[in-house]
Amino acid sequence: MNDFNKQVIDEFRANEGRVGGMFEKAHLLLLTTTGARSGKPSTSPLMYLPDGDRQVVIASAGGGDRHPAWFHNLRAHPKVTVEVGSETFEAEAVAVEGEERDQLYARMVAQAPQFAEYEAKTTRRIPVVALVRAGS
């Protein structure tokens, strides 16, 4: 984990999900996946889109040409742990496709315009993932 992510994670956990800086007004969650090869837990702070009783995350990697590691992990192990505010719960990560994917991505762009820039920077189709609470 890089130092930036570690600082965000520590601040998130110390302040019941609230962080300052560039994420101060953003919807932020912590996603813990199981390593595709290592089998070890890995936590990533991610902006999310609330969508009913699920959270939607975007595997943008800042517009990079490769999917982020957390996306590879959840494809291998879709059972994840999600932290939102002071709540922690188990969820299943489900890739969203087609028109629903496009609608959710557009809603994320409306909430966080930088996601339009990420899409413009890459030729890959950026995955959209719904985190569905276990038992829902």
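Helix H1 (3-14), strand S2 (41-51) and helix H4 (114-121) each supply at least two residues to the lining of the largest pocket in this predicted model. Of the elements involved, S2 gives the most, with 4 residues. The lining comprises 23 residues, and those nearest the pocket centre are Phe23, Pro45, Leu46, Met47 and Ser60. By class, 14 of the lining residues are nonpolar, 8 are polar and 1 is charged. The volume of this pocket is about 550 Å³.

Aspartate 51 and arginine 107 are paired through their side chains at 2.7 Å, N to O. This pair connects distant parts of the chain, since aspartate 51 belongs to strand S2 and arginine 107 to helix H3 (residues 98-111), 56 residues apart. Aspartate 51 has a relative accessible area of 18% and is therefore buried, whereas arginine 107, at 37%, counts as partly exposed.

A second bridge joins the side chains of arginine 133 and glutamate 87, again with an N to O distance of 2.7 Å. Because arginine 133 lies in strand S6 (residues 128-133) and glutamate 87 in strand S5 (residues 87-96), the pair ties together parts 46 residues apart in sequence. Arginine 133 is partly exposed at 27% relative accessibility, and glutamate 87 is partly exposed at 37%.

Aspartate 102 is partly exposed, with a relative accessible area of 36%. Finally, salt bridges with shared partners join Asp51, Arg54, Glu100 and Arg107 into one network.

How values were computed:
Residues are numbered from 1 along each chain as its sequence is written. This is a predicted model: local features need pLDDT of at least 70, side-chain atom pairs count only at pLDDT 80 or more; totals for chains, interfaces and linings use all residues. Side-chain values use heavy atoms; hydrogens and water are left out. On a 1 Å grid over the protein atoms alone, a cavity is a set of points where a 1.4 Å probe fits but cannot get out, and a pocket is an open set with protein on both sides within 12 Å along at least five of seven lines; lining residues have an atom within 4 Å of a point. Grid points are joined across faces, edges and corners, and a volume is the space filled by probe spheres set on the points. Ala, Val, Leu, Ile, Met, Phe, Trp, Tyr, Cys and Pro count as nonpolar, Asp, Glu, Lys and Arg as charged, and the others, Gly among them, as polar. A salt bridge is a side-chain nitrogen of Lys or Arg within 4 Å of a carboxyl oxygen of Asp or Glu. Buried means under 20% relative accessible area, exposed over 50%, partly exposed in between (1.4 Å probe, protein chains only).
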